[in-house]
Amino acid sequence: MTDKTVDARIPLTVLGAGAMGTALVRAWLAAGHPVTVWNRTPSRTEALAAEGATVAASAAEAVSAGRLVIACLLDDASVGAALDGADLAGRDLVNLTTGTPAEGRARAVWAAERGARFLDGGIMAVPPMIGSPGSGGYVFYSGSADLFEEHRATLAVPAGTRFVGTDPGFAALHDVALLSAMYGMFAGMAHAFALIGPEDIAPEDFAPLLVSWLGAMSGSAHQAADQLASGDYGKDVASGLAMQVAGSATLLRTAEEQKVSTELLTPYLALMERRLAEGHGEEGTTGVVELLSLRRAATDRA
(Lines give C-alpha, C1' and ligand atoms only; values in the text may rest on other atoms or scores of the structure.)
Protein backbone atom coordinates (compact mmCIF):
# COMPACT_ATOMS: atom_id res chain seq x y z
CA MET A 1 0.00 0.00 0.00
CA THR A 2 1.45 3.35 -1.01
CA ASP A 3 1.24 6.63 0.91
CA LYS A 4 -0.85 7.99 -1.97
CA THR A 5 -3.41 5.22 -1.43
CA VAL A 6 -3.61 6.01 2.27
CA ASP A 7 -4.01 9.73 1.60
CA ALA A 8 -6.83 9.02 -0.84
CA ARG A 9 -8.91 7.46 1.92
CA ILE A 10 -10.00 10.77 3.36
CA PRO A 11 -12.29 10.96 6.39
CA LEU A 12 -15.88 12.00 5.81
CA THR A 13 -19.10 12.60 7.65
CA VAL A 14 -22.48 11.14 6.70
CA LEU A 15 -25.65 12.68 8.12
CA GLY A 16 -28.48 10.16 7.95
CA ALA A 17 -28.55 6.42 8.57
CA GLY A 18 -31.69 5.41 6.73
CA ALA A 19 -31.53 2.68 4.11
CA MET A 20 -29.61 4.80 1.61
CA GLY A 21 -27.39 6.53 4.18
CA THR A 22 -26.47 3.17 5.70
CA ALA A 23 -25.57 1.76 2.28
CA LEU A 24 -23.37 4.78 1.59
CA VAL A 25 -21.56 4.49 4.92
CA ARG A 26 -20.90 0.80 4.40
CA ALA A 27 -19.48 1.42 0.93
CA TRP A 28 -17.05 4.04 2.23
CA LEU A 29 -16.08 1.91 5.24
CA ALA A 30 -15.41 -1.06 2.96
CA ALA A 31 -13.10 1.15 0.89
CA GLY A 32 -11.14 2.13 4.00
CA HIS A 33 -12.50 5.62 4.58
CA PRO A 34 -12.88 6.76 8.21
CA VAL A 35 -16.58 7.66 8.51
CA THR A 36 -18.35 9.66 11.18
CA VAL A 37 -22.09 9.17 11.14
CA TRP A 38 -25.03 10.90 12.79
CA ASN A 39 -28.72 10.07 12.75
CA ARG A 40 -31.63 11.68 14.54
CA THR A 41 -32.59 8.24 15.90
CA PRO A 42 -29.30 7.02 17.44
CA SER A 43 -30.27 3.33 17.46
CA ARG A 44 -30.02 3.26 13.66
CA THR A 45 -26.28 3.86 13.88
CA GLU A 46 -25.54 0.89 16.15
CA ALA A 47 -24.84 -1.58 13.35
CA LEU A 48 -22.60 0.95 11.59
CA ALA A 49 -20.66 1.53 14.81
CA ALA A 50 -20.05 -2.21 15.05
CA GLU A 51 -18.69 -2.08 11.49
CA GLY A 52 -16.21 0.66 12.28
CA ALA A 53 -18.05 3.97 11.93
CA THR A 54 -17.65 6.68 14.56
CA VAL A 55 -21.03 7.79 15.89
CA ALA A 56 -21.46 11.48 16.71
CA ALA A 57 -23.89 12.65 19.37
CA SER A 58 -25.08 15.58 17.25
CA ALA A 59 -25.01 16.74 13.67
CA ALA A 60 -22.78 19.66 14.68
CA GLU A 61 -20.29 17.24 16.25
CA ALA A 62 -20.36 15.09 13.11
CA VAL A 63 -19.69 18.11 10.89
CA SER A 64 -16.70 19.10 13.00
CA ALA A 65 -15.09 15.69 12.41
CA GLY A 66 -13.98 16.41 8.86
CA ARG A 67 -14.09 18.62 5.83
CA LEU A 68 -16.29 16.48 3.58
CA VAL A 69 -19.89 16.27 4.80
CA ILE A 70 -22.50 14.11 3.07
CA ALA A 71 -26.18 14.70 3.86
CA CYS A 72 -28.64 11.93 3.05
CA LEU A 73 -31.77 12.80 4.99
CA LEU A 74 -35.55 12.71 4.58
CA ASP A 75 -36.03 16.00 2.75
CA ASP A 76 -34.59 19.47 2.29
CA ALA A 77 -36.19 20.75 5.49
CA SER A 78 -34.43 17.97 7.39
CA VAL A 79 -31.08 19.14 6.02
CA GLY A 80 -31.68 22.68 7.25
CA ALA A 81 -32.85 21.46 10.65
CA ALA A 82 -29.92 19.06 11.10
CA LEU A 83 -27.30 21.65 10.17
CA ASP A 84 -28.85 24.51 12.10
CA GLY A 85 -26.09 25.73 14.40
CA ALA A 86 -23.34 23.59 12.82
CA ASP A 87 -20.15 25.39 11.81
CA LEU A 88 -19.95 24.92 8.05
CA ALA A 89 -17.10 27.35 7.44
CA GLY A 90 -14.50 25.67 5.26
CA ARG A 91 -16.59 22.52 4.81
CA ASP A 92 -17.55 20.77 1.60
CA LEU A 93 -21.25 19.95 1.80
CA VAL A 94 -22.61 17.31 -0.58
CA ASN A 95 -26.37 16.98 -0.36
CA LEU A 96 -27.65 13.59 -1.52
CA THR A 97 -31.11 14.23 -0.09
CA THR A 98 -33.88 13.98 -2.68
CA GLY A 99 -35.19 17.42 -3.53
CA THR A 100 -36.30 19.79 -6.27
CA PRO A 101 -34.12 22.00 -8.48
CA ALA A 102 -35.27 25.11 -6.60
CA GLU A 103 -34.35 23.50 -3.28
CA GLY A 104 -30.91 22.64 -4.61
CA ARG A 105 -30.29 26.21 -5.74
CA ALA A 106 -31.55 27.68 -2.47
CA ARG A 107 -29.45 25.25 -0.42
CA ALA A 108 -26.36 26.26 -2.42
CA VAL A 109 -26.92 29.92 -1.50
CA TRP A 110 -27.57 28.88 2.11
CA ALA A 111 -24.30 26.92 2.24
CA ALA A 112 -22.29 29.74 0.66
CA GLU A 113 -23.60 32.17 3.25
CA ARG A 114 -22.16 29.84 5.89
CA GLY A 115 -18.77 29.56 4.22
CA ALA A 116 -19.18 26.12 2.65
CA ARG A 117 -18.75 24.84 -0.87
CA PHE A 118 -21.83 22.96 -2.07
CA LEU A 119 -22.64 20.11 -4.37
CA ASP A 120 -26.13 18.72 -4.87
CA GLY A 121 -26.75 15.13 -5.87
CA GLY A 122 -29.47 12.94 -7.33
CA ILE A 123 -29.01 9.22 -6.64
CA MET A 124 -30.05 7.02 -9.55
CA ALA A 125 -29.95 3.78 -7.58
CA VAL A 126 -31.66 1.86 -4.81
CA PRO A 127 -29.70 0.90 -1.66
CA PRO A 128 -28.73 -2.64 -2.81
CA MET A 129 -26.99 -1.08 -5.85
CA ILE A 130 -24.75 1.10 -3.68
CA GLY A 131 -21.20 -0.19 -3.36
CA SER A 132 -21.92 -2.93 -5.89
CA PRO A 133 -19.60 -2.69 -8.91
CA GLY A 134 -21.42 -3.23 -12.16
CA SER A 135 -24.86 -2.53 -10.68
CA GLY A 136 -25.38 0.42 -13.03
CA GLY A 137 -26.15 2.83 -10.20
CA TYR A 138 -24.80 6.35 -10.38
CA VAL A 139 -25.28 9.80 -8.88
CA PHE A 140 -25.88 13.08 -10.69
CA TYR A 141 -23.89 15.97 -9.21
CA SER A 142 -24.18 19.70 -9.83
CA GLY A 143 -22.85 22.81 -8.16
CA SER A 144 -19.20 23.48 -7.30
CA ALA A 145 -17.04 22.01 -10.03
CA ASP A 146 -13.93 22.44 -7.87
CA LEU A 147 -15.52 20.47 -5.04
CA PHE A 148 -16.53 17.70 -7.43
CA GLU A 149 -13.07 17.42 -8.98
CA GLU A 150 -11.32 17.40 -5.62
CA HIS A 151 -13.54 14.66 -4.18
CA ARG A 152 -14.35 12.78 -7.38
CA ALA A 153 -12.56 9.58 -6.34
CA THR A 154 -14.23 9.50 -2.95
CA LEU A 155 -17.68 10.22 -4.37
CA ALA A 156 -17.19 7.43 -6.92
CA VAL A 157 -16.77 4.77 -4.22
CA PRO A 158 -20.49 4.06 -3.60
CA ALA A 159 -21.67 4.54 -7.20
CA GLY A 160 -20.71 6.10 -10.52
CA THR A 161 -20.60 9.87 -10.82
CA ARG A 162 -22.01 12.20 -13.48
CA PHE A 163 -21.37 15.93 -13.15
CA VAL A 164 -24.14 17.77 -15.01
CA GLY A 165 -23.22 21.41 -14.49
CA THR A 166 -22.47 24.23 -12.12
CA ASP A 167 -26.15 25.11 -11.68
CA PRO A 168 -26.91 23.48 -8.30
CA GLY A 169 -30.43 22.63 -9.47
CA PHE A 170 -29.38 20.47 -12.40
CA ALA A 171 -28.72 17.26 -10.44
CA ALA A 172 -32.26 17.26 -9.04
CA LEU A 173 -33.68 18.22 -12.43
CA HIS A 174 -31.95 15.30 -14.17
CA ASP A 175 -33.01 12.97 -11.36
CA VAL A 176 -36.68 13.97 -11.44
CA ALA A 177 -36.84 14.05 -15.25
CA LEU A 178 -35.63 10.45 -15.45
CA LEU A 179 -37.91 9.34 -12.61
CA SER A 180 -40.86 11.02 -14.33
CA ALA A 181 -40.12 9.06 -17.50
CA MET A 182 -39.87 5.90 -15.43
CA TYR A 183 -43.31 6.39 -13.92
CA GLY A 184 -44.74 6.99 -17.36
CA MET A 185 -43.30 3.64 -18.38
CA PHE A 186 -44.71 1.99 -15.25
CA ALA A 187 -48.12 3.41 -16.14
CA GLY A 188 -47.94 1.88 -19.60
CA MET A 189 -46.88 -1.49 -18.20
CA ALA A 190 -49.72 -1.45 -15.67
CA HIS A 191 -52.24 -0.78 -18.44
CA ALA A 192 -50.78 -3.54 -20.62
CA PHE A 193 -50.94 -6.12 -17.83
CA ALA A 194 -54.50 -5.02 -17.02
CA LEU A 195 -55.52 -5.63 -20.64
CA ILE A 196 -54.31 -9.22 -20.66
CA GLY A 197 -55.43 -9.90 -17.10
CA PRO A 198 -58.81 -11.51 -17.85
CA GLU A 199 -57.40 -13.78 -20.56
CA ASP A 200 -55.49 -17.04 -20.60
CA ILE A 201 -52.18 -15.21 -21.10
CA ALA A 202 -49.54 -15.79 -18.45
CA PRO A 203 -48.01 -12.50 -17.24
CA GLU A 204 -44.59 -14.15 -17.07
CA ASP A 205 -44.89 -15.08 -20.75
CA PHE A 206 -46.03 -11.59 -21.70
CA ALA A 207 -43.32 -9.79 -19.72
CA PRO A 208 -40.42 -10.58 -22.13
CA LEU A 209 -42.48 -9.22 -25.02
CA LEU A 210 -43.14 -6.06 -23.04
CA VAL A 211 -39.47 -5.60 -22.15
CA SER A 212 -38.38 -6.12 -25.74
CA TRP A 213 -40.97 -3.73 -27.16
CA LEU A 214 -40.34 -0.95 -24.65
CA GLY A 215 -36.60 -1.33 -25.15
CA ALA A 216 -37.01 -0.92 -28.90
CA MET A 217 -39.32 2.08 -28.51
CA SER A 218 -37.08 3.82 -25.95
CA GLY A 219 -34.61 4.52 -28.75
CA SER A 220 -37.06 7.09 -30.10
CA ALA A 221 -35.79 9.43 -27.38
CA HIS A 222 -32.80 10.18 -29.62
CA GLN A 223 -35.10 11.20 -32.48
CA ALA A 224 -37.19 13.35 -30.14
CA ALA A 225 -34.06 15.06 -28.84
CA ASP A 226 -32.92 15.77 -32.41
CA GLN A 227 -36.33 17.20 -33.29
CA LEU A 228 -36.39 19.39 -30.18
CA ALA A 229 -32.90 20.68 -30.90
CA SER A 230 -33.72 21.51 -34.52
CA GLY A 231 -37.30 22.69 -33.94
CA ASP A 232 -38.39 20.43 -36.80
CA TYR A 233 -40.94 18.03 -35.29
CA GLY A 234 -41.63 16.44 -38.64
CA LYS A 235 -38.02 15.35 -39.17
CA ASP A 236 -37.68 11.63 -40.00
CA VAL A 237 -41.25 10.88 -38.91
CA ALA A 238 -42.48 7.45 -40.01
CA SER A 239 -45.91 7.59 -38.40
CA GLY A 240 -47.56 11.01 -38.36
CA LEU A 241 -49.67 12.38 -35.56
CA ALA A 242 -52.86 12.22 -37.65
CA MET A 243 -52.36 8.51 -38.17
CA GLN A 244 -51.54 7.90 -34.53
CA VAL A 245 -54.57 9.79 -33.26
CA ALA A 246 -56.82 7.85 -35.61
CA GLY A 247 -55.31 4.59 -34.39
CA SER A 248 -55.67 5.50 -30.73
CA ALA A 249 -59.40 4.85 -30.94
CA THR A 250 -58.58 1.15 -31.16
CA LEU A 251 -56.69 1.37 -27.87
CA LEU A 252 -59.71 2.87 -26.17
CA ARG A 253 -62.17 0.38 -27.67
CA THR A 254 -59.97 -2.53 -26.63
CA ALA A 255 -59.79 -1.23 -23.08
CA GLU A 256 -63.59 -0.97 -23.05
CA GLU A 257 -63.92 -4.55 -24.31
CA GLN A 258 -61.48 -5.79 -21.67
CA LYS A 259 -63.24 -3.73 -18.99
CA VAL A 260 -60.06 -1.81 -18.20
CA SER A 261 -60.00 1.84 -17.19
CA THR A 262 -58.38 4.20 -19.68
CA GLU A 263 -57.30 6.72 -17.03
CA LEU A 264 -53.60 5.97 -17.61
CA LEU A 265 -53.91 6.53 -21.36
CA THR A 266 -56.36 9.35 -21.89
CA PRO A 267 -54.24 12.27 -20.62
CA TYR A 268 -51.54 11.59 -23.19
CA LEU A 269 -54.01 10.80 -25.97
CA ALA A 270 -55.76 14.09 -25.22
CA LEU A 271 -52.48 15.96 -25.71
CA MET A 272 -51.99 14.23 -29.07
CA GLU A 273 -55.49 15.29 -30.13
CA ARG A 274 -54.84 18.91 -29.10
CA ARG A 275 -51.60 19.00 -31.05
CA LEU A 276 -53.37 17.56 -34.10
CA ALA A 277 -56.13 20.15 -33.79
CA GLU A 278 -53.46 22.86 -34.00
CA GLY A 279 -52.58 21.58 -37.47
CA HIS A 280 -49.57 19.35 -36.85
CA GLY A 281 -50.78 16.10 -38.37
CA GLU A 282 -47.54 15.43 -40.25
CA GLU A 283 -45.42 15.62 -37.12
CA GLY A 284 -44.66 12.79 -34.73
CA THR A 285 -45.52 13.03 -31.04
CA THR A 286 -42.59 15.23 -29.97
CA GLY A 287 -44.64 18.40 -30.34
CA VAL A 288 -46.73 17.54 -27.28
CA VAL A 289 -43.75 18.79 -25.26
CA GLU A 290 -44.80 22.30 -26.19
CA LEU A 291 -48.30 21.70 -24.81
CA LEU A 292 -46.79 20.76 -21.45
CA SER A 293 -44.90 24.02 -21.12
CA LEU A 294 -46.65 26.43 -18.76
CA ARG A 295 -44.35 29.15 -20.11
CA ARG A 296 -45.83 28.68 -23.57
CA ALA A 297 -49.36 28.67 -22.17
CA ALA A 298 -48.70 32.00 -20.45
CA THR A 299 -47.31 33.45 -23.70
CA ASP A 300 -50.33 32.24 -25.66
CA ARG A 301 -52.72 33.85 -23.18
CA ALA A 302 -50.80 37.12 -23.38
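User: At what angle do helix α5 and helix α6 pack, and how many Å apart are their axes?

Analyst: In this predicted model, helix α5 (residues 76-83) and helix α6 (residues 101-113) pack at about 15 degrees, and their axes are 11 Å apart. Axes are lines fitted to C-alpha atoms, for helices over the stretch in contact, and angles run from 0 to 180 degrees between N-to-C directions. Residues are numbered from 1 along each chain as its sequence is written. Local features need pLDDT of at least 70 and side-chain atom pairs 80 or more, while totals for chains, interfaces and linings use all residues; side-chain values use heavy atoms, without hydrogens and water.

User: How do you know whether α5 and α6 are roughly parallel or roughly antiparallel to each other?

Analyst: The angle is about 15 degrees. Under 35 degrees counts as roughly parallel, over 145 as roughly antiparallel, 65 to 115 as roughly perpendicular and the rest as oblique, so α5 and α6 are roughly parallel.

User: Which residues make the contact of α5 and α6?

Analyst: From α5 come D76, V79, G80 and L83, and from α6 come E103, R107 and W110. Contact means heavy atoms within 4.5 Å. By class, three of these residues are nonpolar, one is polar and three are charged. The polar class includes Gly, whereas Asp, Glu, Lys and Arg are charged, and Ala, Val, Leu, Ile, Met, Phe, Trp, Tyr, Cys and Pro are nonpolar.

User: What describes the packing of α12 and α13?

Analyst: The axes of helix α12 (residues 241-257) and helix α13 (residues 266-277) come within 10 Å and cross at roughly 150 degrees. This crossing is left-handed. On the α12 side the contact has L241, A242, Q244, V245, S248 and L252, which meet T266, L269, M272, E273, R275 and L276 of α13. Seven of the contact residues are nonpolar, three polar and two charged.

User: How do you know whether A23 counts as buried or exposed?

Analyst: A23, also in helix α2, has 12% relative accessibility and therefore counts as buried. With residues up to four places away in sequence left out, A23 touches P127 and I130. Between A23 and F163 the C-alpha to C-alpha distance is 21 Å, at a sequence separation of 140 residues.

User: What is the phi of D236, and is D236 buried or exposed?

Analyst: Phi of D236 is near 60 degrees, a positive value in a residue other than glycine. Most residues other than glycine have a negative phi. D236 is in the loop between α11 (220-230) and α12, and its relative accessible area of 58% makes D236 exposed.

User: What makes K259 exposed or buried?

Analyst: K259 has a relative accessible area of 74% and is therefore exposed. K259 is in the loop between α12 and α13, and its phi is positive, about 55 degrees, although K259 is not a glycine.

User: How many helices and strands does the protein have?

Analyst: The protein has 15 helices and eight strands. Helices (H or I, at least four residues) and strands (E, at least two) are DSSP runs, numbered from the N terminus. Of the 302 residues, 37% are buried.

Technical notes. Buried < 20%, exposed > 50% of the residue type's maximum accessible area, 1.4 Å probe, protein only. Left-handed = near helix turned anticlockwise from the far one by under 90°.
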